[in-house]
Structures are given as structure tokens and as C-alpha cells.
Amino acid sequence: MKLRSVFDASEIKSEFESAGINPNFVIPIWKYVIQNPDCVWDEIPSLPSAAYSLLHSKFKTLTSSLHSLFHSSDGTTSKLLIKLQNGALVEAVIMRYDTRLGMCGGKPRPGGVRSTLCISSQVGCKMGCTFCATGTMGFKSNLTSGEIVEQLVHASRLADIRNIVFMGMGEPLNNYNAVVEAVRVMLKQPFQLSPKRITISTVGVIHAINKLHNDLPGVSLAVSLHAPVQEIRCQIMPAARAFPLQKLMDSLQAFQKNSHQKIFIEYIMLDGVNDQEENAHQLGELLKTFQVVINLIPFNPIGSTSQFNTSTKQSVTSFQKILRETYKIRTTIRKEMGQDISGACGQLVVNQPDNKRTPGTVEPLRDIEDLHL
């Protein structure tokens, strides 16, 4: 019988309750495993005898392992290749930033270097976005909530993780129940992350967006929009046919009304496809009634056969200027990290780069997540 991850919250709590064991023991078990990832069950102190027997028969401390670790040449990014119990591989990326590079009230932010973890929710992805490496894999399987949480456990051994972004492999809202359960675990002890530090990204799965605020209040939403009109969206994102743009906008309007939160808009810049001044005006008109932050993302090539080219710096700057000055929409340009280890946006696909450098001097960057503050 395949053993479950001890971080599969609903499974372990259900098993404890069925065995007459107080589920409150789960939190100290998690805490001990995080601090002692190579432990065996009998090493955990002060559990009821029935708990040890149950843990041995049905659960593992970690069902996944760190298969490979790659560091970018500038030391700001680390990519974790994580091997699951079934042999499949997923990727998670640690990005190191300096909060002092952000501004608050016109003054530099206090603080220092801290880390954001980009988490995967599926092996592969069925959305098939034509500019994304993960889409070339096709869909393999959903991760369990425990497998999602274990990415944080592995990453926490390498860095003090403050932010979580579900922007890794897979469409998080196509694995809705597992993602929601994993986030709920991250919000409680022993992780105790703040909901405003967790962002879930989606290509626009409307029925799931409609539930998200009620299930995870305070958690931020990022939408991979990538085009201001349905025709272009369908051209580069085949799944967009199932999520018409106007219906998506209606669901985002409802989300914002209920949550009173800004929505992050992800917009990849593809030369000659969606980066013209006309497109900037279309995007501005589409979003002018929303409270959003638009994040313009330079396209990262996914191989020599890619059908797209990266927009010129002039095109990106002009696009940003129109959104900022004409439509007064806060718009950032993402500073890409980890391109040399295929850890940047759109590059996550199971492979093993040659680069295994030890991180050098960290040159932290400004983080889009600072916009939450």
C-alpha cells in the first residue's frame, strides 16, 4: 500500500479521529518533521502509543525527495527538482529579494533579503499555453496537498520563505481541493504564513475563481491574462476558449467586490503578437474599472524552435507608459531571475540543467510581492 504524506492534512486528521487519537497531535508532528526531516516516527516524543502504530502503517515523514538543486550564477535564484513517490519530477523555485529596494510612502522599505517560493501544483499542465515550457509536457497528474506542502518543507531547509506564489508547473485551480488544503496548512502552525503573502495564479478558471475568496479569504489572486481581446488570447492560450474574456472579467469583478483586494494581472510580452500600442490601449480599457497591478513579463525563450520572440525594451517601456499615464494603472516590468537555470517564468519543464553552481554573492532584486504591503 502506498504511504501518504504526513502533510496530507485531511488524511492524517481523519485517520487520527477514526483511531480515537486527538488530531491536535498533528501540529507537533509536523513541527518535528520540519526540524528533523530525516527522522523516524519513534523519535518523535510524547505521542500516544496508538499514534506511532498508525504513522508507521499509513504515513511517511516525506513522500518526496530533493533530486537535484541548481543555483543561478548571480545567486538570486535556486531551482529545486523534486522527486515524488511515484517517480515523477516537479520543480520549485526560490527567488531572493531585498525589501529595501521597494518604496513605502515615498521612502525605502525597511528590512533586508528574504525569499519567495514558486510552487508547482501539477505534474505538467493541460492548458497548453503556447509560450510556456510546462505546456509542452502535457498533463501528467495532480499533486496531493501533502506533495504541495512538501515543496515548502524542502525549500525551508535552504531559505527563510516569506512568500508563496503558485506560479510553478500546472494550473492551480485545476487542482482546486488539494491547493486549498495545502494553503490552509501553510497558514497555520508550524508554518504560519500570512494569507497576504500567498498568491494563487490562474489562466482564468472561472468556476474556481468564484469560490476562491470564500475558501481562502485574504489570499491574493493573479490572473495570467496575456492578451486584451479574446481572439489573441485563444491564439496563444488554447484553454481560453473555455473561459470567454467577458465572463472572466465578470468573475474578477465579483472577486474584487467580495475581497476588496487588488488583483495581479500577468501579461507576457510577445513581439508583434500582443505588445503593440493598440494592445496597450485595449488592455487599459479592459481594466480601467478594476483595482489591479499589471506585471509585464518579458518572454523567456523555451528553445530554439519557439514560435515567439521577446518584445523589444522600447515596446515594453512604451506599453507600460500608456497603461500608467493614460489609464493610471500601476504597471511593473518583471525583472527576470534564474534564466540560466531555466527557472524563470514560463521555463519550468522537467529537465536537468548542467549548471550546479554554488550561489555566489547575492544580488537581490525588487519583488512584485512587495506590492501587497
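This is a predicted model: local features need pLDDT of at least 70, side-chain atom pairs count only at pLDDT 80 or more; totals for chains, interfaces and linings use all residues.

Start at strand β12. I198, I200 and T202 point one way from the strand, while T199 and S201 point the other way. Both sets are buried. The strand covers residues 198–202, and five of its five residues are buried. That makes β12 a mostly covered strand.

Who sits beside β12? Strand β11, residues 161–166, pairs with β12 in the parallel sense. The pairing runs over three bridges. Look at F166: its bridge partner in β12 is I200.

Strand β3 is residues 65–71, and strand β4 is residues 77–83. They pair in the antiparallel sense, over six bridges. F70 stands opposite K79 in β4. Together, β3 and β4 form a hairpin, with five residues between them. Find G75 in that turn. G75 has a positive phi of about 80 degrees.

On to helix packing. Two packed helices are described by the angle between their axes and the distance between the axes. I have two pairs to show.

Pair one is α1 with α3. Helix α1 is residues 9–18, and helix α3 is residues 49–58. Their axes come within 11 Å and cross at roughly 135 degrees. The two helices are therefore oblique to each other. The crossing of α1 past α3 is right-handed. Which residues make the contact? From α1, I12, E15 and F16. From α3, A51, L54, L55 and K58. By class, this contact has five nonpolar residues, two charged and no polar.

Pair two is α6 with α8. Helix α6 is residues 206–215, and helix α8 is residues 245–259. Here the angle is about 5 degrees, and the axes are 9 Å apart. Angles under 35 degrees count as roughly parallel, so α6 and α8 are roughly parallel to each other. The α6 side of the contact is I206, I209, N210, L212 and H213. The α8 side is K247, L248, S251, L252, F255, N258 and S259. The residues divide into six nonpolar, five polar and one charged.

Next, two single residues. Go to S121, in the loop between β8 and β9. Is S121 buried or exposed? Its relative accessibility is 1%. The cut-off for buried is under 20%, so S121 counts as buried. What is it in contact with, leaving aside neighbours within four places in sequence? The list is N142, L143, I148, M169, G170, E171, P172, N175 and V179.

Now N177, in helix α5, residues 176–187. N177 has a relative accessible area of 62%. Exposed means over 50%, so N177 is exposed.

Last, step back to the protein chain. How many helices and strands are there? Ten helices and 16 strands. Of the 373 residues, 56% count as buried. And take the contacts between residues at least 6 apart in sequence. Of those, 67% join residues at least 24 apart.

That's the tour. Over to you for questions.

Conventions: Residues are numbered from 1 along each chain as its sequence is written. Side-chain values use heavy atoms; hydrogens and water are left out. Axes are lines fitted to C-alpha atoms, for helices over the stretch in contact, and angles run from 0 to 180 degrees between N-to-C directions. Helices (H or I, at least four residues) and strands (E, at least two) are DSSP runs, numbered from the N terminus. Angles under 35 degrees count as roughly parallel, over 145 as roughly antiparallel, 65 to 115 as roughly perpendicular and the rest as oblique. A crossing is left-handed if the near helix is turned anticlockwise from the far one by less than a right angle, and right-handed if clockwise. Contact means heavy atoms within 4.5 Å. Ala, Val, Leu, Ile, Met, Phe, Trp, Tyr, Cys and Pro count as nonpolar, Asp, Glu, Lys and Arg as charged, and the others, Gly among them, as polar. Buried means under 20% relative accessible area, exposed over 50%, partly exposed in between (1.4 Å probe, protein chains only). Two strands pair if DSSP finds at least two bridges between them.
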